[in-house]
Amino acid sequence: METFINPKSLFHLLLLPCLLLYSSIAYNSSPVEAAMHTNNWAVLVCTSRFWFNYRHMANTLSLYRTVKRLGIPDERIILMLADDMACNTRNKYPAQVFNNENHRLNLYGDNVEVDYRGYEVTVENFLRVLTGRHETAVPRSKRLLSDEGSHILLYMTGHGGDEFLKFQDSEELQSHDLADAVKQMKEKHRFKELLIMVDTCQAATLFNQLQSPGVLAIGSSMKGENSYSHHLDSDVGVSVVDRFTYYTLAFFERLNIYDNASLSSLFSSYNPSLLMSTTYYRKDLYKRRLEEVPVTNFFGSVMETIHTDAAYKALSRRNSGRFEDEMSLDQSVHHIKRRMLIKVNDGDEIHDINPELLQGEEGASKCPWSTFRNKFQKAENVDSLLNYGLVAMIPLLVISTWLVQ
Amino acid sequence: MAETKEKSLSDEKPKPRVRPIVRLGIFLISHSFLVSVVCCTAGVLALFLLPVLAKNTYISENALMPGSASPMLSNQHVSDGNRLVKDLTNPNSKSSETGIESHKIIAQYMLDLGAEVSFHKFHPQMNQFHPLHFFSSPVSGKIQENYSCSSYGINTVGIIRAPRGDGKEAIVLVTPYNALKSGFGEALSLGIAYSVFSLLTQVTWLAKDIIWLVADSQYGEYAAVAAWLREYQSPKFSSLSTPNAEMCPDVNNLFELKGHSISGSKFSNSFRRAGTMAAALVLKVRDQNEQFEDTISIYAEASNGQMPNLDLINVVNYLAVHRQGLRVNVEKLWPLLNSSWLKSLGEIFESLAKVAKSLYPKWKFGIPATEYVEGTATLASSLYYQALGVPTGPHGAFRDYQVDAITLEISPKFSLDKVWRNDILLRGGRLIEGVIRSVNNLLEKFHQSFFLYLLTSPSKFVSVGVYMIAFALLIAPLPMVAASLYVDANSSSNYSKGDSSTPSAITDTDEHGIAIRSWRWLNSAKLVFIVHLWGAIVSLLPYFISQIPDCSPTTSFMIWVLLSILSLLTSNSVLASPLACAKATQEKEWALVKSVTISSVFIGLGLMSVINFATAEIGALLMVPMCLLARPLKLDVRAGTLRSFCRLICNLVLGHIAFPPAAFFLLKGMLDGFGNANVGDFWMWVESLWAWNSATYLFIGMVQLPCWVLCVSILFHTC
């Protein structure tokens, strides 16, 4: 980089490391915003076993059914059930699970894919699913393969207490563990937005340690409060559903995939006197206004659709303004290069390709060559001559990054 | 005295720093009189406070969920049960002398439901005194030689396998039934059990197998259940006994008939088993009843004061009261209900609670006086039956195998019409169904709730943590008084010597004297040991006396008393007779004897409280005051003050009361009236104690009796 006093022919060469530097800066500072909401995942966990906790399994299965109905496919739902109530010998209706005493809906009908069952539901496995640190033998269907464009719904039910959730009657998930896992997820770009919904006693305490941005949390009860079951099925002989989940389901039963109900309407639908506990939602980590977020963003698989004249164009426009701010904030070792960079930024979009490309190399799933070709095709739409030159630099860029790595 | 001692110590050398705990000990010992008075009063008071401190019972085990499922027992099942009752009470079925017809009917009914049926023949084992079999589990694998075909019982056993269960656990339902002279009540209890059984063959929710045992109660309910359990838990592998029993023609006849009449059925000749027992219910229906409403009595005490898990009682109580509208009873000591002093005590507590509440509204511990009296009566009976150590029903046999079991006795308001009979069948059946469904939900053994408790009402209990306080307060003064007496005896003799002789003599004999004095307690210990040894001999004597044929209880008792006195005298004379030749020079000899006696009583009570708390509590009530007050009568007579006169009277009274037979007759007189008290009763009572392997018997023989003898010897000490 010392060869700065060189003729114009070297300009592009110079630009390359600058672009690299820049992209890495941009990458570290604001990765999530760079991604669009592209997919939906749901992790549904029932943490308690034993026959008398029938309702927890019914809760989870009901929610499973709801998110499936609203469009999240089975391969994007991780369902963890700590016990098998349907086949419990005490079940009066073998192989059936109900969440209402009218027995109209068998939750354990066809097409229920339980990913983790019985003693597989442990704190360790739960954290592994969230953070994606699996052993190599774990099949893809048991992994949460989310990316930075994912909206994840994490629903947990079981027996909880002050800052913990009991798993399997033998171990506990603490609020620190959860917060740590979410932080790791954030750092590994495993989600764009995360909605944690917890139906336990003192559920609110489980969110105390959360710090990661983009996380929205809702719990069934405040500290010191119990979450109660909704009703008892005197035929089966157990309580079949919890209040919080019951009213959540009641809310969703009115919706279909095309509805525009917002998260705030869901949150305000809980009536403390019916719930016998106070729902608590923590939104200080969440940027968007709840009134503007449709519930189907999490509970369904409905994404924002953006109409563009051309593919990928809309993507780039979003960020150009903000880059400048970040540049000015940065310290001044390479200030000249940066100025040049800003010059390039104005009326330019190529820089956006670079991070994508870099990422394309990192992510094993993307083929670098096809991206490359895309870029070429895309370049035809751009009429700036400079762009041509820059696109021509891309192979060099690729090689250099490869060498750097 | 301790102060003077300390003074003398401080005179000799600079006092070493004493740790606070030691200083506290010295303080308590030096004020042992005050401490013992306060502690004993507090202990007795705490005992009377227990009904006030009783807590409401609650279902501790989450899995039980009693009453969460609606009962499924319908009128169809009731009419099934009714049919069985009719068949059993039909005079034709009683034609056979051995009552085999009834067993066949029952077995046929069970087979029709699709249950596995087997007969279990047993020879009743008479309870005998086996000196070495205390605390040991019932004898297993013992083969009796002299089987006779005339005396055997037949238990009919039906088993329902849980359709989707793993067969590892079972719930047992027991109905005692005497085929020879069954009352209507027994038939009714079979009807209830049958209606439940017929329901359970149809349900899909069974996780545990159901065993219905119709226990042949012609040799006693307990014996039949115990025999079946013995066979169930510890199978006999000897081939000798089985053919022996089957040679009896009647039994063979029975089996053959069965085998022929139902081909391919689930009837089997061999003993059938299911999994480990989770719980057992013994169901009885009382014949006559003068109550105004349907009540159900719960009997829970097993041998040596063992109780089933409180959750089992809670479940039954909850279902009976809140679902079936039955009144639940537990045993009460009825005479206590009318005692006026108890009523006034209850009123005092009530008014105290009112005062406390007015001072601070959150203090709510008072209960109404009538409730207090009832609670005390229940508590007393709970204590009494636990202390006795004799099971109050066939459920006791289960407790020996650590199976939680209770006996339910339904006493219906009696009338003959059919509607009433159906009603009691329905409600009783639904209660049993509810309990079985609740236990069926259980995942582990009963373990959540208490095993050590006293009931003050069916829905109130005093847990071990509370009732131990009363006992601990009672026996707390014992070690202090013992230490104080020991110190006292040593130092006072020191002083008396010092007075009589010149100072030079003290220094002369000092070391030697201290050495002798510090070992002088061994003399008393020897005496105490001998008396306890004698106690052991006295406890063994009934074994030999019971071998004497044709002996009435009264004569047996007389022989026992005579032999005991004889053995006491012999041991006294043979083993150096410390009583007689207690060195007259040592005036405080009695104090040392008392000190060692108190120590031994403390140890005995402490040990007993672990084995059977209730016995220890009652024993402490009798013995602690006597031990603490014991003092040579001569001294009191000599002193002649009012205080010593009071003490003299107290000593005489306590000396009479604490004598085990006297205490027994007093208690019996209080409960049944003194009119029909008989000397032989005590013998019978003792016989029942050892027959049931009650530790109370050992306690009386080896702790209380020696203690009483020692105290009496102190009272009549010549000093």
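**View 1. Polar contacts link chain A and chain B across their interface.** Between chain A and chain B, 12 residue pairs are in polar contact, both residues at pLDDT 80 or more; a polar contact is a pair of N or O atoms within 3.5 Å, where within protein one must be able to donate a hydrogen and the other to accept it, and residues adjacent in sequence count only if both atoms are side-chain atoms. Salt bridges between these two chains number 0, the term meaning a side-chain nitrogen of Lys or Arg within 4 Å of a carboxyl oxygen of Asp or Glu. This is a predicted model, in which local features need pLDDT of at least 70 and side-chain atom pairs count only at pLDDT 80 or more, while totals for chains, interfaces and linings use all residues. Residues are numbered from 1 along each chain as its sequence is written, chains are lettered from A and ligands numbered from 1 in the order in which they are written, and side-chain values use heavy atoms, leaving out hydrogens and water.

**View 2. Here is the area buried between chain A and chain B.** About 1,400 Å² is buried, with carbon and sulfur atoms giving 56%; buried area is the accessible area (1.4 Å probe) that two parts lose on being put together, summed over both. On the chain A side, A:Phe52, A:Thr89 and A:Arg90 lose the most area to chain B, together 46% of what that side buries. The contact (heavy atoms within 4.5 Å) takes 18 residues from chain A and 19 residues from chain B.

**View 3. A salt bridge joins A:Asp242 to A:Arg55.** Their closest N and O atoms are 3.0 Å apart. A:Asp242 sits in strand E11 (residues 238–242) of chain A and A:Arg55 in helix H2 (residues 54–69) of chain A, so to speak a link between distant parts of the chain, 187 residues apart; helices (H or I, at least four residues) and strands (E, at least two) are DSSP runs, numbered from the N terminus. Over all chains, the structure holds 29 salt bridges.

**View 4. An open sheet of 3 strands lies in chain B.** Its order is E1-E12-E11, with antiparallel pairing; two strands pair if DSSP finds at least two bridges between them. Strand E1 (55–56) and strand E11 (453–457) of chain B stand at the edges with a single partner strand each, so one side of each has no neighbour in the sheet. E11(B) and strand E12 (residues 460–463) of chain B are joined over 4 bridges, and B:Tyr453 stands opposite B:Ser463 in E12(B).
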